[in-house]
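The following note is meant to be read beside the sequence and the structure. Please keep both in view while working through the numbered points.

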Amino acid sequence: MLIPPILSAPLHMIPIPLIERICRLMFGRIAKAHPGLFERLDEHRQKRFAFLPTDLPLAFVVVPGREEISVLRQPVEIEADAITEAPLFLLLALMEGRCDADALFFSRDLSVTGDMEAMLAMRNALDASNIDLQKDLAKLAGPLAPIARRVIGEIRDRALKDQNRPAGEAAAWN
Amino acid sequence: MELICPAGTPAAFHEAVDAGADAVYCGFRDETNARNFPGLNFSREELREAIAYAKRKGTQTFVALNTFMRAGAEEIWYKGAADAVALGADALILADFGLMAHVAEKYPEQRLHVSVQASASNPDAINFLVDAFNAQRVVLPRTLTIADIARIGKNIRCEMEVFVFGGLCVMAEGRCSLSSYATGKSPNMNGVCSPASHVRYRKDGGELVSELGEFTINRFPAGEAAGYPTLCKGRFDIADSNGYAFEDPVSLDVMGELEALKAAGVKALKIEGRQRGKAYVAEVVSTMKAALNSPPDRRAPLLARLRTMSEGQKTTSGAYEKRWR
Ligand code: SF4
């Protein structure tokens with residue numbers, strides 16, 4: 001499931017500092033809910049991990065050891081140790097461990113470049129955590145939390161259903 | 001037949017147990033295990049919790065200490081074995097004869113399985129390990145045909161476990177030196193076929209280029225399903241041709257041969273994939289469990305959906321039903 005241009009276009013207008021503030025709030029909430037989240041990163045904690053949603057004009061750069069997230073407007077030259085590119089919903093599904101990164105790599109829905117040790121460690125750290133964006137982020141909506149939970153849940157279900165494409169052709173033989 | 005399922009993290013372990021695994025295999029976060037990838041595997045505490053969870057659900061836990069000991073550093077492996085035994089592992093999966101001897105002597109009650117990495121692929125080799133170290137099960141290499149397995153089964157004094165789904169190793173396992181040659185690191189000593197430290201992906205126009213050390217392993221044109229940057233599944237220029245020298249990027253799937261494997265005397269079916277995510281583990285284990293409980297003619301449609309999760313989005317029955325090129 002891709003974000004339609006009609007929804008991503010307004011992001012060109014929203015000031016980056018505002019998007020960054022919202023992202024920091026969300027990142028802080030997730031880090032608080034999962035204190036051991038980056039324990040598996042070991043020596044890769046201070047590295048710069050870039051996530052580029054292919055359907056948004058934005059890029060997100062995370063330094064886990066500093067609990068730091070910055071937002072850049074795409075296209076831009078990204079300075080990062082490892083870069084992951086995929087549609088936004090797949091990046092979010094990977095964060096929750098609801099999709100298998102290798103399968104997305106095989107299908108070319110996801111691409112990775114840069115330091116593969118760092119990237120693998122990040123992938124495994126996220127997969128080992130039990131991040132649940134619906135649960136973890138809905139609280140940010142305060143009194144509107146139940147509505148936020150429902151909306152996030154519905155979008156997620158739709159995106160995951162979309163991802164489960166029918167299997168390919170018959171098995172190949174040697 | 002038992003279903004033996006992989007887990008690289010506690011989260012994947014829980015998924016495997018919940019999806020109906022008869023046993024889950026996993027390893028410590030160090031060089032004792034042949035899936036020693038960054039961020040993967042279990043601390044002692046995580047393994048303790050995982051084993052307790054599995055026991056509550058009636059699932060067994062096998063601990064893989066399946067690399068070869070480094071001379072002078074045997075303590076790392078001995079400590080791994082001691083801890084796995086103390087934590088209540090139902091079986092240890094071992095490849096190194098020295099470690100097998102140590103475990104057989106120190107923990108004679110501990111169930112010992114011969115790892116595929118030990119490359120025990122004929123009755124003499126297997127019976128030697130049974131007699132010398134009281135091995136109770138052998139995991140057979142993926143280089144045998146079903147007829148070979150049946151012949152071996154008739155002549156050995158332990159159980160047989162075979163790989164039925166997931167990554168496909170095409171060599172005599174435990175003996176492959178391809179990645180040692182290219183990177184100085186090997187699956188047998190360092191627990192990696194394509195060490196992440198030596199893997200690079202880059203885009204070249206529409207192509208995805210995968211490299212391992214100084215070698216280009218593959219160039220995938222836009223739209224073509226990709227594979228791991230493993231030397232044995234690389235596309236190379238050989239004389240005047242360009243193609244896969246050993247094997248295509250493809251995954252193993254012999255679930256279509258369940259009846260034949262059962263008739264051959266196979267006791268347990270193993271799913272490869274400790275390096276895969278928990279979503280993969282949940283999907284593959286539940287699908288395989290459903291397939292095992294279905295009549296043969298209902299299995300194919302169930303299993304078809306796993307193909308998109310496979311390397312190169314293709315599956316093969318490999319050597320089990322070898323058709324030479
Ligand atoms: S490089 Fe290939 S053949 Fe060698 S051990 Fe790894 S998977 Fe097996």
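This is a predicted model: local features need pLDDT of at least 70, side-chain atom pairs count only at pLDDT 80 or more; totals for chains, interfaces and linings use all residues.

1. Throughout this note, a residue is called buried if its relative accessible area is under 20%, exposed if it is over 50%, and partly exposed in between, using a 1.4 Å probe and protein chains only. With 78% relative accessibility, B:Ala239 therefore counts as exposed. Its place is the loop between β11 (235-238) and β12 (241-244) of chain B; helices (H or I, at least four residues) and strands (E, at least two) are DSSP runs numbered from the N terminus. The phi of B:Ala239 is near 50°, a positive value in a residue other than glycine.

2. Residues are numbered from 1 along each chain as its sequence is written, chains are lettered from A and ligands numbered from 1 in the order in which they are written, and side-chain values use heavy atoms, with hydrogens and water left out.

3. Chain A also has backbone features to inspect. Most residues other than glycine have a negative phi, and most peptide bonds are trans. A:Glu67, however, has a positive phi near 45°. A:Glu67 is in the loop between β2 (58-63) and β3 of chain A, and its relative accessible area of 51% makes it exposed. A cis peptide bond, with omega about -5°, joins A:Gln74 and A:Pro75. A:Pro75 belongs to the loop between β3 (68-73) and β4 (82-86) of chain A.

4. Which residues surround the ligand? They are B:Cys169, B:Val170, B:Met171, B:Cys176, B:Pro187, B:Cys193, B:Thr230 and B:Cys232, where a residue is near a molecule or strand if one of its heavy atoms lies within 4 Å of it. By class, this shell has seven nonpolar residues, one polar and no charged. Here Ala, Val, Leu, Ile, Met, Phe, Trp, Tyr, Cys and Pro count as nonpolar, Asp, Glu, Lys and Arg as charged, and the others, Gly among them, as polar.

5. Two packed helices are described by the angle between their axes and the distance between the axes. Axes are lines fitted to C-alpha atoms, for helices over the stretch in contact, and angles run from 0 to 180 degrees between N-to-C directions. In chain B, helix α1 (residues 10-18) and helix α2 (residues 44-56) pack at about 10°, with axes 10 Å apart. These two helices, α1(B) and α2(B), are therefore roughly parallel; angles under 35 degrees count as roughly parallel, over 145 as roughly antiparallel, 65 to 115 as roughly perpendicular and the rest as oblique. Contact means heavy atoms within 4.5 Å, and among the residues making it are B:Phe13 and B:Val17 of α1(B) and B:Ile51 and B:Tyr53 of α2(B).

6. Helix α1(B) has as its buried residues B:Ala11, B:Ala12, B:Phe13, B:Ala16 and B:Val17. Their cover includes α5 (116-128) of chain A, as well as α2 and α9 of chain B. Just after α1(B), B:Gly20 takes a positive phi of about 105°.

7. In chain B, α9(B) and helix α10 (residues 296-304) pack at about 170°, with their axes 9 Å apart. They are therefore roughly antiparallel to each other. From α9(B), B:Thr287, B:Met288, B:Ala290, B:Ala291 and B:Leu292 meet B:Arg299, B:Leu302 and B:Leu303 of α10(B). This contact has six nonpolar residues, one polar and one charged.

8. A nonpolar core is a set of buried Ala, Val, Leu, Ile, Met, Phe, Trp, Tyr and Cys residues joined through side-chain atoms within 4.5 Å. The largest has 79 residues, and B:Ile149 and B:Met288 have the most contacts inside it. Helix α9 (residues 278-292) of chain B gives the largest share of this core, seven residues. A second, separate core of 57 residues includes A:Cys23, A:Leu88, A:Leu90 and B:Tyr244.

9. Is B:Arg142 buried or exposed? At 7% relative accessibility, B:Arg142 counts as buried. It lies in the loop between β6 (137-139) and α6 (146-154) of chain B. Leaving out residues up to four places away in sequence, B:Arg142 touches residues including B:Cys169, B:Glu173 and B:Glu272.
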